[in-house]
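Could you walk me through this structure, stop by stop? I have it open in a viewer and would like to know what to select next.

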Amino acid sequence: MRKLKVAFSTLGCRMNHFESSAMEEEFENRGYVLSEFSEKADIYVINTCTVTNDADRTSRKTIRQAKRRNPDAIVVATGCYAQVSPEELSRMEEVDLVIGNSHKTAVLEIVEQFINERRQDKVFIDNIFRKNDFETFQISTFYEGSRPILKVQEGCNSFCSFCIIPFARGKVRSAPVSRIVQQARILVDRGFKEIVLTGTQLSQFGYDHKDGFLSDLLEELIRIEGLYRIRLSSMGINEIDDRLMGIITSEEKIAPHFHLSLQSGADKVLKDMKRNYTVSRYEKVVNEIIKRRPDTAIGTDLITGFPTEDEVAFENTVKAVREIPFAYIHVFTYSLRKGTSAEKLGDRVHPQEKKRRTQIIRQISEEKNRKFRERYLGKKLEVLVISEKDGKKVGLTGNYIHIKFESDKPVNSITDVVLTGVGQERENNTGKEI
């Protein structure tokens, strides 16, 4: 009997990539053949994103591409767009199954049931807010270079006015600390040096149970012998208390690289976004981190064109991002999201003005990122070899500087490199092993 081919396309965040990789592993273990999404397959799984209207459009476009490649294929839409707008996706003639995040760990089971029984059920979704327990896959084979991703938390309790993600991922659910430590030990025993902890809002880890918060988890992970580095995904400044601040700025095993979303540099806009902090409060946290650990790379997210961002508010944002010591900025152009509380504000900023503001912030980001990297020219840096590209090794520093260099060292080893050149893009830095 011919083995069925399955292909995945993943849009959006690191969480989606983690989950897609785990689903691929499940299908492969069941005897399916993994195929490239660009090839003809029997089953296409599109792990959708809904963070913006553009993400929705890209998800629909990807679904149509799959059906065009093989009109007889089973096309599955899962992920955040499927969770938030199942009716919209179910009306697409190209879609055979809509499986929300509430059922994401059962995608294989649902697909096989569809193949064997050809049932009429098309949509599989529950109220995500009824999910009280952390459900995830076992250790995934999804890596960034040689860095395994460990999903430890899901959901967000913040409900920012512009954000649909809590409706897609639900309230905070966290894995037990002991289970995470156990999985981390397995990864270290397999020889991995760096583990990336990820979650919808990592700094809200433990808000749902009495097993400990992020600081407790980090204290346990730091004790693992042979674990070289722990890297943290996006955190919110409101959750960084004195204890967490002390751990992330004093423990060498924790990478000095923190992504702290700002979203706006104007207090009025932050209030309308329901961010629950001021620019000065944000700046105080960042400056304290840099004071305690000067080599730290601080990244952020910023939205341009929010409905109440007038010209003065944008000028305040420009001033703030120039002053705050960011290593990089991810810029997003605001798009109205149905179902969010900001929907009632309308979409007041003209598209061309949004585009102009986005370009200004991106240019500032490029300048700041290059200056951050240039600080380390001629300096010896300890890197983890994460991949090989064009005959050269790619190393990654704790503060997120990628360096290409010649070396005989294998991937997943640690070595010292002098940064000799800084490229326009992050990946184009060069170095010399010493």
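Here is a short tour of a predicted model, with a sheet, a helix, a lysine and a pocket as its stops.

**The sheet.** Begin by selecting β12, β13 and β14, which form an open sheet in that order, with parallel pairing. Colour residues 257-259 for β12 and 328-333 for β14: these two strands stand at the edges, and each has a single partner, so one side of each has no neighbour in the sheet. On average, neighbouring strands here are turned by 15° against each other, direction ignored.

Next, show residues 351-374. This is helix α13, which lies across β13 and β14 and runs at about 170° to β14.

**A lysine on another helix.** Move on to helix α11, residues 279-292, and pick out lysine 291 within it. Is this residue buried or exposed? Lysine 291 has a relative accessible area of 67%, over the 50% cut-off, so it counts as exposed. Select threonine 249 too: it is 42 residues away from lysine 291 in sequence, while their C-alpha atoms are 9.2 Å apart in space.

**The pocket.** Finish at the second largest pocket, which holds about 410 Å³ of space. Of its 15 lining residues, select Tyr228, Arg229, Pro256, Glu382 and Gly398, which lie nearest its centre. By class, the lining comprises six nonpolar, three polar and six charged residues.

Key. Residues numbered from 1 in each chain as written. Predicted model: local features only at pLDDT ≥ 70, side-chain atom pairs only at ≥ 80, totals over all residues. Heavy atoms only, no water. 1 Å grid on protein atoms, 1.4 Å probe; cavity = no way out; pocket = protein on both sides within 12 Å on 5 of 7 lines; lining within 4 Å. Points joined across faces, edges and corners; volume = space filled by probe spheres on them. Nonpolar A, V, L, I, M, F, W, Y, C, P; charged D, E, K, R; others polar. Pairing = 2+ DSSP bridges. Helix = DSSP H or I, 4+ residues; strand = E, 2+ residues; numbered from the N terminus. Axes fitted to C-alpha atoms, helices over the stretch in contact; angles between N-to-C directions. Contact = heavy atoms within 4.5 Å. Buried < 20%, exposed > 50% of the residue type's maximum accessible area, 1.4 Å probe, protein only.
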